[in-house]
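Colleague: I would like to learn how to read helices and their packing. Please take me through a case.

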Amino acid sequence: YQRRVHGELVNRFAHVGPLLPMLRWVVLLACAALCAASCPFASARGKRAVAAVSDAPWMPQTPAASDPSDPLVQANNLFHALYSSAGSALLPSAVIMVENDYLVLLRRDAAGNYTRARVDQITPDMYHDLKMVAHLPYAAFVALLPLSQNMTNVFPREQLITLQSSIQNASATLSSRFPAAQLPRQLSIAGTTQAFLGSVLTAGSVSNG
């Protein structure tokens, strides 16, 4: 079955072979954009990344694109000025945007600057609570990943003990965070993760199976 599916895919996409390198980059960029849009921490990471290189010397444009005595460069500079002016004239008086967990109303003043006129939370607190509980087994997974994939032979005992203690403390708060319909599943996730960490600590090892 796998061979047949593979053959059908090859036949259907053989004509796009030359475009595959470009398509690969398009897919990667699209995935990066989707991850950034869905992750509330992505914008913060981006800001930190920009801040890290903001002091680096940026390479200027080549003389062919920046020589002020070149008539073509002068015409191009005029284009940029006209483009900016036209864009400013077409900007709406108000914009609604989603910024992390909030819906933000921006209003444009006479100078063309936008200021926040209203901010309302649109993501319920339970969304973050559910996500943080889901991160508990994921934390155990990533803590053991280097060892299970033979990238290191150092058993992360201290990290696992700290994580187990942290999960125990967090579990004590779950009853005040979730309604009765949600609570059993969240307790099960936390409890199962704790039990798993306990077995790994007792064994002092982990397999990649």
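Modeller: Helices here are DSSP runs of H or I with at least four residues, strands are runs of E with at least two, and both are numbered from the N terminus. This is a predicted model, in which local features need pLDDT of at least 70, side-chain atom pairs count only at pLDDT 80 or more, and totals for chains, interfaces and linings use all residues. Residues are numbered from 1 along each chain as its sequence is written, and side-chain values use heavy atoms, with hydrogens and water left out.

Colleague: What is the overall layout of the chain, from the N terminus on?

Modeller: The elements run α-α-α-α-α-β-β-β-α-α-α. That comes to eight helices and three strands.

Colleague: Which residues of α8 are buried?

Modeller: Buried means under 20% relative accessible area, exposed over 50%, and partly exposed in between, with a 1.4 Å probe and protein chains only. An α-helix has 3.6 residues a turn, so residues three or four places apart point the same way. In α8, the buried residues are Leu 183, Gln 186, Ala 190, Thr 193, Gln 194, Leu 197, Val 200 and Leu 201. They fall within an arc of 145° seen down the axis, so they line one face of the helix. The arc is taken from the directions from the helix axis to the C-beta atoms. On the other side, exposed residues include Arg 185, Thr 192 and Ala 195.

Colleague: What covers the buried residues of α8?

Modeller: The cover includes α6 (125–148) and α7 (157–171).

Colleague: At what angle do α6 and α7 pack?

Modeller: Two packed helices are described by the angle between their axes and the distance between the axes. For α6 and α7 the angle is about 175°, and the axes are 11 Å apart. That makes α6 roughly antiparallel to α7, a label for angles over 145 degrees.

Colleague: Which residues does Gln 194 contact, leaving aside neighbours within four places in sequence?

Modeller: Contact means heavy atoms within 4.5 Å. Gln 194 touches Gln 164, Ile 167, Gln 168 and Ser 171. Its relative accessible area is 19%. The C-alpha atoms of Gln 194 and Ser 171 are separated by 9.8 Å, at 23 residues apart along the chain.

Technical notes: Axes are lines fitted to C-alpha atoms, for helices over the stretch in contact, and angles run from 0 to 180 degrees between N-to-C directions. Angles under 35 degrees count as roughly parallel, over 145 as roughly antiparallel, 65 to 115 as roughly perpendicular and the rest as oblique.
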